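Here are my notes for a first look at this model. Have the viewer open as you read, and take the points in any order.

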Amino acid sequence: MNWEADFLLYLQNNVRTEFLNYIMRFFSFLGDFGWLCIVLCIVLIAVKKTRPIGIIAAVGLVGSLLAVNLGIKPFVHRPRPYTTIDGLILITRKPLDSSFPSGHTSAAFVVSCAITWCLSRKKKWIGIILIIIASLIAFSRLYVGVHYPTDVLAGILLGVGISIVTYLALRKKVLLKESELKV
């Protein structure tokens with residue numbers, strides 16, 4: 001058995017509890033269909049002061065969707081771990097797409113990181129909270145049995161990378177001055 005299967009079975013057999021099952025299902029749900037990221041982007045765009053941040057985060061989110069769900073997943077077509085690892089029990093609904101990379105993770109990290117890049121030093125704590133939530137969403141995907149660790153790692157790297165590219169590409173186009181971007 002490979003290390004990824006060993007890790008997922010370890011989580012299942014040694015970390016899962018009824019209480020944590022509830023918490024991890026909740027964090028996994030937050031990433032379903034990108035709804036939390038979409039709502040966050042809409043709220044930021046709706047408020048004039050945070051509109052540039054919302055635009056950068058939304059463009060990054062679209063980039064993540066295109067890269068992950070329409071680009072990499074159909075090409076790699078990796079089966080989900082609960083279908084290939086004997087004894088791994090799925091504790092959430094079955095996803096309809098393939099496993100690699102994690103779309104939940106990529107979306108959560110692209111939006112949380114894009115927002116963080118735009119925040120002033122005084123408000124970086126907001127970014128830290130968002131990155132913690134993104135990390136919990138990422139971990140939840142392992143915990144509930146729908147992703148391999150490398151799926152989640154790839155999702156993190158893609159999310160962070162897309163957020164950096166989006167921020168650097170749009171920061172001067174979305175605003176007249178760099179200082180206006182920092183909220």
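The points below go through the helices, cores, rings, cysteines and backbone.

1. **Ground rules.** This is a predicted model, so keep in mind that local features need pLDDT of at least 70, side-chain atom pairs count only at pLDDT 80 or more, and totals for chains, interfaces and linings use all residues. Residues are numbered from 1 along each chain as its sequence is written, and side-chain values use heavy atoms, with hydrogens and water left out.

2. **Helix H6.** H6 has 16 residues and reaches 23 Å from its first C-alpha to its last. That is close to the 22 Å expected at 1.5 Å a residue, where the expected span is 1.5 Å times one less than the number of residues. Of those 16 residues, 15 are buried, so H6 is largely enclosed by the rest of the structure. Buried means under 20% relative accessible area, exposed means over 50%, and partly exposed is in between, with a 1.4 Å probe and protein chains only.

3. **Ser163.** Which residues does Ser163 touch, leaving aside its neighbours within four places in sequence? They are Val110, Cys113, Ala114 and Trp117, with contact meaning heavy atoms within 4.5 Å. Ser163 itself is in helix H8 (residues 149-174), and it counts as buried because its relative accessibility is 0%.

4. **Cysteines.** How many disulfides does a search of the whole structure find? The count is 0, taking a disulfide as a pair of cysteine sulfur atoms within 2.5 Å. For Cys113, the nearest cysteine sulfur is that of Cys37, 11 Å away. For Cys118, the nearest is that of Cys41, 11 Å away. Cys113 is buried at a relative accessible area of 4%, and Cys118 is buried at 0%.

5. **Nonpolar cores.** The largest nonpolar core has 24 residues, and Leu8, Ile85, Leu88 and Val144 have the most contacts inside it. A core here is a set of buried Ala, Val, Leu, Ile, Met, Phe, Trp, Tyr and Cys residues joined through side-chain atoms within 4.5 Å. Helix H1 (3-15), H2, H6 and H7 each give two or more residues to this core, and the largest share, 5 residues, comes from H7. Beyond its neighbours within four places in sequence, Val144 is in contact with residues including Arg16, Met24 and Ile89. A second, separate core of 19 residues includes Ala57, Ala58, Ile162 and Tyr167.

6. **Aromatic pairs.** The whole structure has 3 aromatic pairs. Rings of Phe, Tyr and Trp (its six-membered ring) pair if their centres lie within 6.5 Å; planes under 30 degrees apart count as stacked, over 60 as edge-to-face and the rest as tilted. Phe29 and Trp35 have ring centres 5.4 Å apart and planes at 50°, so this pair is tilted. Phe29 is partly exposed at 43% relative accessibility, as is Trp35 at 32%. Phe139 and Tyr143 are also tilted, at 6.2 Å centre to centre with 50° between the planes. Both lie in helix H7 (residues 124-143), 4 residues apart, about one turn of the helix. Phe139 is partly exposed at 29%, whereas Tyr143 is buried at 1%.

7. **Charges over rings.** Arg16 lies over the face of Tyr143, 5.8 Å from the ring centre. Likewise, the charged end of Arg78 sits over the ring of Tyr148, 3.8 Å from its centre. The test is NZ of Lys or CZ of Arg within 6 Å of the ring centre and within 35 degrees of the ring normal.

8. **Backbone spots to check.** Most residues other than glycine have a negative phi, and most peptide bonds are trans. Phe100 and Pro101 are joined by a cis peptide bond, with omega about -10°, and Pro101 lies in the loop between helix H5 (81-84) and H6. Phe33 has a positive phi of about 55°; this residue lies in the loop between helix H2 (18-30) and helix H3 (35-46) and is exposed at 72%. His77 has a positive phi of about 50°, lies in the loop between helix H4 (51-76) and H5, and is exposed at 59%.
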